Amino acid sequence: MTEMRQIKLRLKYRGSLHLWIFSILLGIGVIPVVVISILLVHSSFENHVKSKLAELQYQSVAVVAEMEQKDYLTNMSQPVLTAEVEQLARFYRGRVILVDSDYRICKDTYHLAEGKYNISQEVLMCFGGANTSRFDEEGKYLELALPITREDGSIQGVLVITASMEFLIDLREQLEDQRLVATIVTGVLLIAVALFFSGLLVRPVKKVAKAIDDSSQDSVGGDIQINDCAETIQIAQAYNRMLARLRALDESRQQFVSNVSHELKTPITSIRVLADSLIGQEEVPVELYQEFMTDISAEIDRESQIIDDLLTLVRMDKSKTELNISRVNINEMIEGILKRLRPLAMKRNVELVLETFRPVLADADAVKLNLAITNLVENAIKYNVDNGWVRVSLNADHQFFYIKVADSGIGIPDKEWDHIFERFYRVDKARSRTTGGTGLGLAITKSIISLHHGGIRIHSVEGEGTTFTVRISRTYRRQEEEA
Ligand code: ADP
């Protein structure tokens with residue numbers, strides 16, 4: 001396998017939900033089975049050892065009691081008791097040793113150690129008056145040591161009995177083997193169950209992924225519908241909402257492109273018609289020639305104005321953070337705008353009035369804000385009636401400043417209010433064109449105000465006039481600071 005394929009495989013399984021669910025299910029199933037089976041084998045073995053010891057103790061105590069009664073250690077030629085001792089050893093497949101008060105072995109059912117001495121710890125403890133028992137796992141035997149007392153209570157010897165535990169240890173080994181087999185079988189079963197359930201749980205997610213994949217084959221995709229569970233419904237709904245937004249964006253982009261083409265074509269068509277009609281005529285009088293050329297020049301101005309406005313908009317769209325913020329004297333800025341536009345107003349005898357309620361300093365991009373307010377005042381003059389008025393007012397509180405541009409013009413019908421900020425949208429196309437409008441002015445204004453995190457509202461009554469109100473924070477905060 002190449003290194004690349006190994007990396008891909010690793011990546012695939014590291015993040016796989018399927019693998020995670022599978023492992024968790026398997027873990028939940030296998031760990032308890034293994035732990036419980038180990039505990040069961042262990043505790044059942046312990047219980048067996050305990051019960052064996054209890055039984056051994058019971059039998060040995062009875063024999064020791066008889067020995068004490070018949071003073072066996074002093075007189076060992078008692079065939080009945082000797083036979084009992086031998087039988088006890090045989091019964092437990094073990095060995096019985098009797099140690100006298102000199103630590104000498106006076107009886108050994110194996111007849112191997114008689115006459116030798118036994119000063120083992122167990123024997124010593126018995127002479128101290130205590131019973132001892134010990135399970136030697138390696139030697140596979142159980143050892144019990146009991147003191148044999150005289151009538152006066154003194155200890156005259158010790159009975160040490162060892163019982164073979166080979167059978168129990170073999171049984172445990174068998175149980176261990178069975179446990180291993182059972183664990184492997186349950187493991188295999190659990191793997192199958194975990195595979196099945198993890199597949200079942202992951203299926204809705206895969207379905208969603210496939211549906212999204214299929215839907216993305218189209219350019220903007222179609223809605224998806226997966227009603228498997230609440231979560232997939234939620235994902236599908238979120239995806240469909242995102243698609244709807246993308247569709248709207250796509251539509252508005254297409255609309256924009258077609259609007260741009262149309263707007264750019266209009267002056268060119270006019271220029272072409274004017275030029276063609278000049279070419280088509282022979283001996284054109286100079287006056288007509290000049291008139292047509294003036295019209296052509298006006299159309300070129302229009303074209304270049306549209307291009308300028310478009311560029312302004314595009315620049316604002318992509319350079320959201322490129323505001324050149326400084327402390328701006330808003331009063332001075334508005335006065336400057338009115339001064340520049342006064343000649344335009346005078347042409348139609350429109351009265352330009354400025355009302356400032358207080359001096360206002362604010363953080364803003366002076367050039368851009370100037371353009372936004374100029375557009376509003378220019379519109380107020382352009383869409384006014386002869387001898388009308390335009391009132392610009394500036395006010396502020398501790399947080400915001402407010403600029404109101406009110407006019408006595410033609411007004412805008414309510415149903416158009418939502419649209420006038422769209423690019424190339426004009427209420428009265430003919431009027432906008434004759435006044436040299438591109439349909440981009442309010443779009444630019446809104447963009448600039450949004451960049452300043454401000455808002456713009458409109459109120460208008462047809463035939464009476466329009467008021468635009470702009471509200472912008474006096475201190476500019478960048479987007480990341482706000483977050
Ligand atoms: P334009 O370049 O056509 O003026 P704008 O984006 O500035 O484009 O304005 C969009 C449209 O909104 C205008 O064509 C006009 O119909 C309408 N409008 C804007 N301002 C006013 C106003 N003060 N009074 C009446 N109509 C207005």
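Five strands make up an open sheet in the order 2-1-5-4-3, with antiparallel pairing; two strands count as paired if DSSP finds at least two bridges between them. Strands (E, at least two residues) and helices (H or I, at least four residues) are DSSP runs, numbered from the N terminus. The model is predicted, so local features need pLDDT of at least 70 and side-chain atom pairs count only at pLDDT 80 or more, while totals for chains, interfaces and linings use all residues. Residues are numbered from 1 along each chain as its sequence is written, and side-chain values use heavy atoms, with hydrogens and water left out.

**The five-stranded sheet**

- The order of the open, antiparallel sheet is 2-1-5-4-3, and strand 2 (105-108) and strand 3 (132-136) stand at its edges with a single partner strand each, so one side of each has no neighbour in the sheet.
- From one strand to the next, the twist averages 15°; axes are lines fitted to C-alpha atoms, for helices over the stretch in contact, and angles run from 0 to 180 degrees between N-to-C directions.
- Six bridges link strand 1 (residues 95-100) to strand 5 (residues 155-164) in the antiparallel sense, and Leu-98 stands opposite Leu-159 in strand 5.
- Helix 3 (residues 79-91) packs on the sheet and touches strand 1, strand 2 and strand 5, its direction making about 130° with that of strand 1; contact means heavy atoms within 4.5 Å.
- Strands of a sheet pair through backbone hydrogen bonds, either parallel or antiparallel.

- Strand 12 is mostly covered, with seven of its nine residues buried; buried means under 20% relative accessible area, exposed over 50%, and partly exposed in between (1.4 Å probe, protein chains only).
- Strand 10 (residues 400-407) runs antiparallel to strand 12 and is joined to it by seven bridges.
- Strand 11 (residues 455-461) also pairs with strand 12 in the antiparallel sense, over seven bridges.
- Thr-469 of strand 12 is the bridge partner of Lys-404, and Thr-469 is the bridge partner of Arg-457 as well.
- The hairpin of strand 11 and strand 12 has three residues between the strands, and Gly-463 in this hairpin takes a positive phi near 80°.

**The largest pocket**

- The volume of the largest pocket is about 870 Å³, and of the 38 residues that line this pocket, Asn-375, Asn-379, Lys-382, Tyr-383 and Gly-437 are the closest to its centre.
- A pocket is an open set of points on a 1 Å grid over the protein atoms alone, where a 1.4 Å probe fits, with protein on both sides within 12 Å along at least five of seven lines; lining residues have an atom within 4 Å of a point.
- Grid points are joined across faces, edges and corners, and a volume is the space filled by probe spheres set on the points.
- At least two lining residues come from each of helix 7 (286-318), helix 8 (330-347), helix 9 (366-382), helix 10 (429-434), helix 11 (441-451) and strand 12 (465-473).
- Helix 9 gives the largest share of the lining, six residues.
- By type, the lining holds 15 nonpolar, 13 polar and ten charged residues; Ala, Val, Leu, Ile, Met, Phe, Trp, Tyr, Cys and Pro count as nonpolar, Asp, Glu, Lys and Arg as charged, and the others, Gly among them, as polar.

- Val-377 is in helix 9 and counts as buried at 1% relative accessibility.
- Beyond its neighbours within four places in sequence, Val-377 is in contact with Ile-337, Leu-338, Leu-341, Leu-352, Val-392 and Val-405.
- Ile-334 is 43 residues from Val-377 in sequence and 9.8 Å away in space, C-alpha to C-alpha.
- Helix 11 is mostly covered, as eight of its eleven residues are buried, including Leu-442, Ala-443 and Ile-444.
- Thr-445, also in helix 11, is buried with a relative accessible area of 0%.
- Leaving out neighbours within four places in sequence, the contacts of Thr-445 are Ala-372, Asn-375, Leu-376 and Ile-456.

**Positive phi angles**

- Most residues other than glycine have a negative phi.
- Phe-424 has a positive phi near 70°; Phe-424 sits in the loop between strand 10 and helix 10 and is buried, with a relative accessible area of 4%.
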